[in-house]
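Please keep the sequence and the coordinates open while reading.

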Amino acid sequence: MEAVISIAIGVMASAGVWLILRPRTFQVLIGLTLLSYAVNLFIFSVGSLAVDREPIVRPGVVADLVNYSDPLPQSLVLTAIVIGFATTALFLVVLLALRGLSGGDHVDGQEERL
Amino acid sequence: MTVDFNHLLVAPILLPLATAALMLLLGEGRRGLKAVVNVLSTTLGLAIAVSLLLGLARHDAPAAFGVYLPGNWSVPFGIVLVADRLSALMVVLTGCVGLASLLYALARWQHAGAYFHVLFQLQLMGLYGAFLTADLFNLFVFFEVLLAASYGLLLHGGGGERVRAGLHYITINLVASLLFLIGVAVLYGVTGTLNMADIAQKLPAVPASDRGLLHAGAAILAIAFLAKAGLWPLNFWLPPAYAAASAPAAAVFAILTKVGVYAVLRLWTLCFPAGAGASAGFGGDVLVWGGLVTLAYGAVGMLASQQLARLAAYSVIASSGTLVATIGFDAPMLSGGALFYLASSTLAGCAMFLLVELLERSRQVEVGPQQVDDGNYALPAFFDAEPPPGTNLDDDEEALIGRAIPAALAFLGLTFTVCALVTAGLPPLSGFVAKLAMLTALLGLQTPAAWTLFVLLILSGLFGAMSLMRVGMRHFWTTQDRPPPRLRVIETLPIAGLLAASLAMVLQAEAGLAYTRAAAEALHAPALYIDAVMGAQPVPRVTGDAP
């Protein structure tokens, strides 16, 4: 499972970085979204990857990380998702405003001079 | 020792939040009422900040801390707010900068967009929270609050130039925030806690196998902070964004770079002091040399700028570079001078961004943002400059008696001179006191890096003085018959107030330096901070009406 998760994070992060370096605003937006997915998965994986070890204390089972997964990274991910979603939405608004003002979708507001 | 502030410590965060919520309910109109509410709330916030600072400064103990547990959870589990001398200083600076920018905005800028007042209060809330929190993830949340508000403030007033600069600014900051998250996650994975004091406490016990991971996490976190502080080569976004922002927004942004500097100063001195075992002084050289390159870049940028707004932005970069470099030396005396410099340069930077617009106003009537610096506004070459007809040159002199300088021009000239003196660090103003304190401390260090900083501090002062003098000559000594600029009292008041604060720092330099040195000593003895935070006890639960 570790290998699958790390490959998933790696693929999303590298695709995100490549897209952020592209000259079109929409590509940058998708790149940021992919990167934030990668980061969210990464935070999630910090709290020990395990199947069937939900962080709800059952009677008679010792409350430690052997029997349960760590609940804190999961709550951090929730916060990060909400904040990332809001800022991405804001980015989308600015993207549309730039498109309206410049008439193009280049990140610099104008095409490169050749 | 700990100072009991009771609930006063959380007030700087709750007050702007409540004010913003209230103003959001008022809808888009009713600007007059909103302005009154906003000014009252910001003034009250400044008063609370000053009372926090005075409460801490009263104690002579090596370090005084106010610790507050917002959720009343015992320490490593809940969020903790801590006010020490450094936090209190930053909070007071935030209050000053906020009040000055707000008063300035009342004249014209508050009418340029619907939600200026709400965004402004949220910006203050994020700043206050970032300076007071002692929890790493909570710091991230407050960073996001202040950044989200700054995105809105940067776009305030609209126009293609602002939107273009805003898009770059948002992208850079979103990427930096993602790096912040990665760093926090790695640190949590290694130490198992998010409380800054608890992290610092557990660092020496991290096994050697995890140490590489710990360093990688700390470095990623530092990149996020340093990008916000404007360290070279992470600062190319800063001059266009700050130059495009409306005057009051840019004036508030003068303290945004200081948030990055504050976070580095707080976490680096806490986590990697000389006594931290295998990690002692981790990354100190990077901070020193990165800061030095940034200082040089800022100084050269000031010389190269043709526009006053860009010049002010480069002076912000230069002051960030100075501060980051001094952090890396890990010397309490130097940090003490640097903190004094931080206060002085923040006030001067804020005043400078406000002055920019007043100076440009006589040339540019409309509210639009300034154009890109494409070189077309360059100064004429020295020999090409022909005096326009009717110029009163020395050769055919006419008596100038009886022609008064317009009051507005006199005010602008005087404040610009004072501002330039503080920024360049020339005597007799606060910039000079700060630089002198840093130079004296540097003489005692005797390392190549210290000498480089010594030389660069003096050179950057020279470069700053030259570039500001050039701008001053262009604005005040040109002979074109311009109508004198029209100023409103409400616009001149904040600038005069900021420079008066800077002047007060000179008159009270002894007390001020004593305060910043005490703050620096507390920073360089992290055990005091750790003890104060870890020793905080939750308030015992009051059991109803038990018999």
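## Contact between the chains

In this predicted model, 27 residues of chain A are in contact with 21 residues of chain B. On the side of chain A that touches chain B, helix 2 (25–46) and helix 3 (71–102) each supply at least two residues, and the largest share, 14 residues, comes from helix 3 of chain A. Sorted by class, that side of chain A has 20 nonpolar, six polar and one charged residues.

Chain B has 20 helices and two strands, and of its 547 residues 55% count as buried. Among contacts in chain B between residues at least 6 apart in sequence, 82% join residues at least 24 apart.

The largest nonpolar core has 222 residues, and those with the most contacts inside it are B:Ala251, B:Val264 and B:Ala351. Leaving aside residues up to four places away in sequence, B:Val264 touches B:Ala222, B:Phe225, B:Leu226 and B:Ala229, together with B:Val324 and B:Ile327.

## Helix 3 and helix 18 of chain B

Two packed helices are described by the angle between their axes and the distance between the axes. For helix 3 (residues 85–107) and helix 18 (residues 489–507) of chain B, the axes come within 7 Å and cross at roughly 160 degrees. Because angles over 145 degrees count as roughly antiparallel, helix 3 of chain B and helix 18 of chain B are described as roughly antiparallel to each other, and their crossing is left-handed.

From helix 3 of chain B the contact draws on B:Cys96, B:Ala100, B:Leu103, B:Tyr104, B:Leu106 and B:Ala107, while helix 18 of chain B brings B:Ile490, B:Glu491, B:Leu493, B:Pro494, B:Gly497, B:Leu498 and B:Ala501. By class, this contact of helix 3 with helix 18 of chain B has 11 nonpolar, one polar and one charged residues.

## Helix 12 and helix 17 of chain B

Helix 12 (residues 284–304) and helix 17 (residues 448–476) of chain B pack at an angle of about 15 degrees, and their axes are 9 Å apart. Helix 12 of chain B and helix 17 of chain B are therefore roughly parallel to each other, with a left-handed crossing.

Helix 12 of chain B contributes residues including B:Val288, B:Leu292, B:Leu295 and B:Ala296, which meet residues of helix 17 of chain B, among them B:Leu453, B:Leu456, B:Leu459 and B:Phe463. The class count for the contact of helix 12 with helix 17 of chain B is 13 nonpolar, four polar and no charged residues.

## Backbone features in the loops of chain B

A cis peptide bond joins B:Trp232 and B:Pro233, with omega about 0 degrees, and B:Pro233 is found in the loop between helix 8 (208–229) and helix 9 (238–244) of chain B. A cis peptide bond also joins B:Pro427 and B:Pro428, where omega is about 10 degrees; B:Pro428 is found in the loop between helix 15 (407–424) and helix 16 (430–443) of chain B.

B:Asn72, which lies in the loop between strand 1 (66–68) and strand 2 (81–83) of chain B, has a phi near 60 degrees, a positive value in a residue other than glycine. B:Asn72 counts as exposed because it has 12 C-beta neighbours inside 10 Å. B:Gln446, in the loop between helix 16 and helix 17 of chain B, has a positive phi of about 60 degrees although it is not a glycine. With 8 C-beta neighbours inside 10 Å, B:Gln446 counts as exposed.

How values were computed. Residues numbered from 1 in each chain as written. Chains lettered and ligands numbered in written order. Predicted model: local features only at pLDDT ≥ 70, side-chain atom pairs only at ≥ 80, totals over all residues. Axes fitted to C-alpha atoms, helices over the stretch in contact; angles between N-to-C directions. Helix = DSSP H or I, 4+ residues; strand = E, 2+ residues; numbered from the N terminus. Parallel < 35°, antiparallel > 145°, perpendicular 65-115°, else oblique. Left-handed = near helix turned anticlockwise from the far one by under 90°. Contact = placed C-beta atoms within 7 Å. Nonpolar A, V, L, I, M, F, W, Y, C, P; charged D, E, K, R; others polar. Buried ≥ 20, exposed ≤ 12 C-beta atoms within 10 Å, placed from the backbone. Core = buried A, V, L, I, M, F, W, Y, C linked by C-beta atoms within 7 Å.
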